[in-house]
Amino acid sequence: MKNTLPHSTDYARLTALILFGLLVLRVACVVLSPLELYADEAQYWRWSETLEWGYYSKPPLIAWVIHASTAMFGDSALGVRLPAPFLHTIAAWCLFLLGRSIASPKVGLMAAVGYALMPAVFLSSTVLSTDGVLMPIWATALFLFWRVRQGEAGWLGYIALGLAIGAGFLAKYAMLYFAIGIVLTILLDRPTRQNLLTPKGAAMLAALLVVISPHILWNASNNFETVGHTVDNANLGGELFNPENALTFIADQMGVFGPISFLALIGGLIFMRRTVSGEDGRRELWLTCFVVPVLVIILVQAVLSRAHANWAATAYPAGSVLISLFFLRARAHKWLWYVIAALCAVSFILAPDFTLTARIMMGLGLAAGIMVFAFATKFRPIGLFWAGLTLHGVVGFAMMAVLIAPQALSAQLDLDNALKRTRGWDALADKLVAFSETQPAPTALLTDEREIWHGLDFYLKDRIDAPLILWRYNEGAHSFAEQQPLTSDIDGDVLVASYRPNRRPAIAADFETFEKVGEVSVDLGHRSNGCPIIRELVLYRASGYDPLPRTQDWVDRFEDQTMDAPEPCKAR
């Protein structure tokens, strides 16, 4: 038998070296970036101040991670975000282990580096999101489950798998797709069925239940608040057929996984799955069980209502291994290169935040780059893989440069609008504090926009001695920020910091007195049409809180009203 140990050791070292280099660069980006927390990160930070088994709209793990990180590195954007690059590095290494175990060390290298260079992973390594917390757990569970399938796991391996799946549910409910994958592999793959439907499999299930039971009990004691919000987020109450969203979904996934990678994944699933049999076919089918259900479910969700780009992200850990297998066994076809080059060029037309001219130029440049790789690699399919990773690296490192020096680069690249949610919060808080020091102390600080509430919650840091409250458009709370009780503090002398002109007439009607006293604002750059991006809070003193009933007549009364609205910008 041929000794493969030297090759395995070389690929392991090369993979570790690449991942470590990316980790260093990503940590440096997080440390050096002046960009501030966006609203969701600030919300997770607020949750982390009190450790619970669940929160308003998410399971608890992200808050626990932030709690640990900020305890070590402080209540800052750095303290919140620093875990992100480490979490994705762990995920990538687990995919190396999975790819090596499924096929070969080379497949492990391709899967790990392919994942680490995904456009979405570049972005997710600089912010802390629930996807970032879930991915290393998902990848770990995939590797452990493959060992179970292969009969290589003992009792501890089965228990570790149960713990990993349970931890995944505590990170994000998207771990449900992993459970769907398990069911499919049991139905379609005999080795999985034989090794999982055993007493050890029962131990795995027991470990899973031990981990998630406290969260289930928390939900039960809180009217299933987190689950209810997740269901509401599907937004299935409107028109349930929007076929045009399918095209947007495809474009979004090309942005998440990378255009070449996504096209290769879909093309491989359609045209290559039936060309392989035996154990090679079974291992690809096993991986497919963790890819196709996610893509199909989110595509259906997109057509029925809407779907955010990241909702299908859990398809891509297994997808990274799968496309590595596809590329390595595909035959050379010139038409394949031409089709992918054309589709990638067209896909850039749908890219957000850039002018049409910039999108066309980027698309043509990408197509030209793909064809350069085509001739350099003599049209071999593996060349497409490296062409895709080269593209991801170029885009990713350009993204990191923008994050480190946003003021210098974002305006030139028309990215001010894309970055506005991560700018100006600290300056806005400073201006609001300075204004409040010239006024009588308010009994409450009231705002009318969720993102403004979270930005001020983090960056004010209690520098205004008054509770921060979000005005409610509805009778009850429809967001975590609205859960701040409308206590007696709002009955006194309230400072209203209003962001939305269309809400101000309704807010004024909730008070006996409502007087404009000033405004504070920060400049966030310019849109691609030349119009300035300003985050402005118009300030009012209000008293005598007596809210009107939120009836349909109330909605109709204020539907088209505004107050102190800025002059509209005349786009160039």
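Modeller: Lys378 sits in the loop between α20 (356-376) and α21 (381-404). Helices here are DSSP runs of H or I with at least four residues, strands are runs of E with at least two, and both are numbered from the N terminus. This is a predicted model, where local features need pLDDT of at least 70 and side-chain atom pairs count only at pLDDT 80 or more, while totals for chains, interfaces and linings use all residues. Residues are numbered from 1 along each chain as its sequence is written, and side-chain values use heavy atoms, without hydrogens or water.

Back to the lysine. Phi of Lys378 is near 55°, which is positive in a residue other than glycine. Most residues other than glycine have a negative phi. Lys378 is also exposed, with a relative accessible area of 64%. Exposed means over 50% relative accessible area, buried means under 20%, and partly exposed is in between (1.4 Å probe, protein chains only).

Now α20 itself. It packs with helix α19 (residues 334-347) at an angle of about 160°, and the axes are 8 Å apart. Axes are lines fitted to C-alpha atoms, for helices over the stretch in contact, and angles run from 0 to 180 degrees between N-to-C directions. The two helices are therefore roughly antiparallel. The classes are roughly parallel under 35 degrees, roughly antiparallel over 145, roughly perpendicular from 65 to 115, and oblique for the rest. The crossing of α19 past α20 is right-handed. Right-handed means the near helix is turned clockwise from the far one by less than a right angle; anticlockwise is left-handed. On the α19 side, the residues that meet α20 include Trp337, Tyr338 and Cys344. On the α20 side, Leu366, Ile370 and Phe373 are among them. Contact means heavy atoms within 4.5 Å.

At 33% relative accessibility, Lys461 counts as partly exposed.

That brings in α25. The axes of helix α2 (residues 39-48) and helix α25 (residues 450-460) come within 8 Å and cross at roughly 55°. That makes α2 oblique to α25. Their crossing is left-handed. Trp45 and Arg46 of α2 are among the residues in the contact, as are His454 and Phe458 of α25.

Next, α12 (residues 199-221). Its 23 residues reach 32 Å from first C-alpha to last, close to the 33 Å expected at 1.5 Å a residue. The expected span is 1.5 Å times one less than the number of residues. α12 bends by about 40° at Ile212, and Pro214 follows within four residues. The bend is the angle between axes fitted to the seven residues ending at a residue and the seven starting there. Ile212 is one of the buried residues of α12, and so are His215 and Trp218. Just after α12, Asn223 takes a positive phi of about 60°.

Among what covers the buried residues of α9 are α3, α8 (130-149) and α12. Those buried residues include Tyr158, Leu161, Ile165 and Phe169. The end C-alpha atoms of α9 are 24 Å apart, which agrees with the 24 Å that its 17 residues should span.
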